[in-house]
Amino acid sequence: QEGHYMGEGTFLAESFDIAAGLLANAPNDGRMKVLLVLIDSKIEDADQTSLAKSKLDAAGVHTVGIVIRKSILHTTGVEGDLEAEASLRPLVTEPQETHFANLMIDELQETVFEKWCNPS
């Protein structure tokens, strides 16, 4: 988003709007439309992102959210994974149990790419 640079927070509303536009116009060839969101800090524009999420829902997009934490322990505070989790959970597709995870980076490949995204 214009005016936001690396290290200054997580802003998703504009990217959700862009994704909704792209996926709404994608061919309907029977494949599931999925938006995979990876964050490591609290979403700063969660209210605006929630409005953009409704466009994704209308386009039939499944929103999957992953918080990537820095250590085995959960953390709080501005850069904490628990705040990131609280801001991302409301934006994922229901049921949250299958559309959300809070993982260490080392768990990403096995959990997301080998289990969730495995076509078999």
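The legends below describe close-up views of a predicted model.

Local features need pLDDT of at least 70, side-chain atom pairs count only at pLDDT 80 or more, and totals for chains, interfaces and linings use all residues. Residues are numbered from 1 along each chain as its sequence is written, and side-chain values use heavy atoms, with hydrogens and water left out.

**View A. The largest nonpolar core has 19 residues.** A nonpolar core is a set of buried Ala, Val, Leu, Ile, Met, Phe, Trp, Tyr and Cys residues joined through side-chain atoms within 4.5 Å. Buried means under 20% relative accessible area (1.4 Å probe, protein chains only). Phe-16, Leu-35, Val-37, Ile-39, Leu-56 and Leu-88 have the most contacts inside this core. At least two residues each come from helix H1 (13-24), S1, helix H2 (46-58), S2 and helix H3 (81-88); helices (H or I, at least four residues) and strands (E, at least two) are DSSP runs, numbered from the N terminus. H1 gives the largest share, four residues.

**View B. A second, separate core has six residues.** Among them are Ile-66, Ala-101, Leu-103 and Val-112. In soluble globular proteins, nonpolar side chains tend to be buried together.

**View D. Leu-88 touches residues including Val-37, Ile-43, Gly-65 and Phe-100.** Contact means heavy atoms within 4.5 Å, and residues up to four places away in sequence are not counted.

Methods:
Buried < 20%, exposed > 50% of the residue type's maximum accessible area, 1.4 Å probe, protein only.
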